[in-house]
Amino acid sequence: MSPEPTGGTMAELVVENIVKTFGDVYALKGVSFSVKNGEFVVLLGPSGSGKTTALRCVAGLEKPDRGHIFIDGQRVNEMPPADRDIAFVFQNYALYPHLTVFENLAFPLRAVGTGKAEVNERVQNVARILHIEHLLHRRPHHLSSGEMQRVALGRAIIRRPKLFLMDEPLSNLDALLRAEMRAELKRLQKDLGTTTLFVTHDQLEAMSMGDRIAVLDQGQIQQIGSPDEIYHRPANLFVASFVGSPAMNLVPCRLAEENGQRRLIVEDSNWSLPLPPEVARAAQEGRAPSRLVLGIRAEDLSVSLSASDGAVAAEVYVLEPLGAETIVNVLIGPHVLKVRTRPTFTASIRQTVYMTWNQEGVRVFDAQTEKALG
Amino acid sequence: MLPMFSFREKLLHRLSILVIVVVLAIYLIPLYWLIATSLKTWQDIDSVPPKWVFRPVADNYQRLFFTVVTDQRGTRVVGTSEYPWRFLNSIIIGLVSTVLAVGLGTLCAYATSRFRVAAKDDLLFFILSTRMLPPMVVVIPIFLMYRALGLRDTHLGLIILYTTFNVSFAVWLMKGYLDEIPKDYEEAAMLDRLSRFRAFVKVVLPQALPAIATTAVFCLISAWNEFAFSLILTESQAATAPRTITSKLGSAGIDWGQIAAGAVLFLLPVALFTFIVRHHLLRGVTFGTIKR
């Protein structure tokens, strides 16, 4: 896609402590986040986490029970959707079935009485950016889902709104097209520079597209941060297990004395690790909880067929060759850990292998509060 | 090469054609007989055994529209009859009540389909329950009310009555259809800076056309064919065609020719309307049976 020559307007979105209930059900329990000028923020969460409700509150399609929503510093809680200058891309695209692609793209312009010549010019311009010039005279039901997706995007960008809201716009595409559109959409957003709030349940989409990610679960924000922070420093067990493929390895552990040194011992196993600095600090101050969970990413573990100093013996459970890499599942005591290795690694089931780890990648969580230590 | 059909397939094919012919005959013979009767002379109508071959005459149609007198100076037209006016009454009352019933029904259906309305289910049941009474049960109270309000024998009176009866039907039919239209379309339109009402008009209504056509046909047929209230509530001013046709069943005998001519003309407008909206109709009648 080539950049839109005229560029979009920008805006800052601030959501403060919004609460939304449907009957007795709390969909949002005090959610706060912000999207800066030109930023691409992803709301990530499983289904039922409240992410779509949050998006609809921002759009004005739902009214929050409490809390404030500001667009460019102006409180918009009471403002009807039409006045918020927002473009929304729906999961099912919501292209008007009785109108052609041209008319669909022209709809937001005609709604505000834009002149015929300008409508024509802008529709052609957007059609060129999205490569849909040849579809302009078709009706939506004659389009493939990928083409519908482009038209839906076109209808959003044609208005040059202050804010893009996107509700899982890629989820109806097949895997190949989704991967392609991820990159195109991200590039388009950067070219247009329009502030964007994007909702998805797909952590890969969130990681690859977002400048920042807000992870939502059960109507509450679990963590806000850059993809790197979310991936490497998850704030709690939910984020650790939800983000990343494979998810972070999580095993129960406790603090114990070993040869006069305090170490982390993984329950029911022979694996003991030195304390990460934040745990050591907590232990020193006597505020280390008794039940802990150790978290470590698959790429921070490695396995070898030969024993080495400091390696811990493990049993191969199963191998998952993925082409570019192989995920080795190993048993440490009763716990299955996923280890990312080179694709040439081979071993047979139940074979003994030797596992080492990158101490930097070790995260420790309080088993009770599920929060990360430190 | 021609496709080869087994004996069984050929037999089935012929049987199905036979069935279609029989069914068509059952539907069309009365219609043929009606049209034939309207074109027969009194002698041909009255003959036993019935005449299949006859010389068509337009007498019945002439006498339907004009007052014809026969005396020693011969047969001549002395003025127009009441039938054209009654026919016009039927058209006015039928069309206006259909437009009102479909309009009000669509708005009501949209409201119950999209908004949180207190006691919505009870209200919808109440709306439907107005159809549960046989019209004859309420005819006396309505007669008394209409007399008190001066609505007897007025177009307005019948329009209000037919609209009332049809609106419940329209609400239910339209609601079923509107429920099937995802609300994302209006939301998209509202975010595209239309008001709720304009979004409804620009985005929902065009998609609801099949249902509107279906509802309109049913409402029109029901208002067009209504007989009992027209008979009791009207005399001349607002009398509709069905009531006029039966007035030919007089003490001086039954004028079958005129009744048939009146009935043939009476069939035409509804048939024409149904023909015009037939493309929408097929989709409207089968909605819900096809996963959209």
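Modeller: An axis here is a line fitted to C-alpha atoms, for helices over the stretch in contact, and angles run from 0 to 180 degrees between N-to-C directions. This is a predicted model: local features need pLDDT of at least 70, side-chain atom pairs count only at pLDDT 80 or more, and totals for chains, interfaces and linings use all residues. Residues are numbered from 1 along each chain as its sequence is written, while chains are lettered from A and ligands numbered from 1 in the order in which they are written.

Biologist: What angle do H1(B) and H13(B) make, and how far apart are their axes?

Modeller: Helix H1 (residues 7–38) and helix H13 (residues 256–276) of chain B pack at about 120 degrees, with axes 7 Å apart. Helices (H or I, at least four residues) and strands (E, at least two) are DSSP runs, numbered from the N terminus.

Biologist: Why are H1(B) and H13(B) put in their angle class?

Modeller: Under 35 degrees is roughly parallel, over 145 roughly antiparallel, 65 to 115 roughly perpendicular, and the rest oblique. About 120 degrees falls in the rest, so H1(B) is oblique to H13(B).

Biologist: Is the crossing of H1(B) and H13(B) left-handed or right-handed?

Modeller: H1(B) and H13(B) cross in a left-handed way. That term applies if the near helix is turned anticlockwise from the far one by less than a right angle; clockwise gives right-handed. H1(B) contributes Leu34(B), Ile35(B), Thr37(B) and Ser38(B) to the contact, and H13(B) residues include Trp256(B), Gly257(B) and Val264(B). Seven residues of the contact of H1(B) with H13(B) are nonpolar, three polar and none charged. Nonpolar covers Ala, Val, Leu, Ile, Met, Phe, Trp, Tyr, Cys and Pro; charged covers Asp, Glu, Lys and Arg; the others, Gly among them, are polar.

Biologist: Why does Phe107(A) count as buried?

Modeller: The threshold is 20 or more other C-beta atoms within 10 Å; 12 or fewer means exposed, in between means partly exposed, and C-beta atoms are placed from the backbone. Phe107(A) has 23 such neighbours, so it is buried. Phe107(A) sits in helix H2 (residues 101–111) of chain A.

Biologist: Which residues does Phe107(A) touch?

Modeller: Leaving out residues up to four places away in sequence, Phe107(A) touches Tyr96(A), Leu99(A), Arg155(A) and Asp192(B). Contact means C-beta atoms, placed from the backbone, within 7 Å. C-alpha to C-alpha, Phe107(A) and Arg155(A) are 7.9 Å apart, across 48 residues of sequence.

Biologist: How many residues of chain A are in contact with chain B?

Modeller: 17 residues of chain A are in contact with 14 residues of chain B. Strand E6 (86–89) and H2 of chain A each supply at least two residues of that chain A side. This side of chain A divides into 15 nonpolar, two polar and no charged residues.

Biologist: What is phi for Asn17(A) and for Arg160(A)?

Modeller: Phi is about 55 degrees for Asn17(A) and near 50 degrees for Arg160(A). Both are positive, in residues other than glycine. Most residues other than glycine have a negative phi, and most peptide bonds are trans.

Biologist: What is omega for the bond that joins Ser245(A) and Pro246(A), and for the one from Val48(B) to Pro49(B)?

Modeller: Omega is about 0 degrees between Ser245(A) and Pro246(A), a cis peptide bond. From Val48(B) to Pro49(B) omega is near -5 degrees, also cis. Pro246(A) lies in the loop between helix H8 (237–242) and strand E11 (249–258) of chain A. Pro49(B) lies in the loop between helix H2 (42–46) and helix H3 (59–65) of chain B.

Methods
Two residues are in contact if their C-beta atoms, placed from the backbone, lie within 7 Å.
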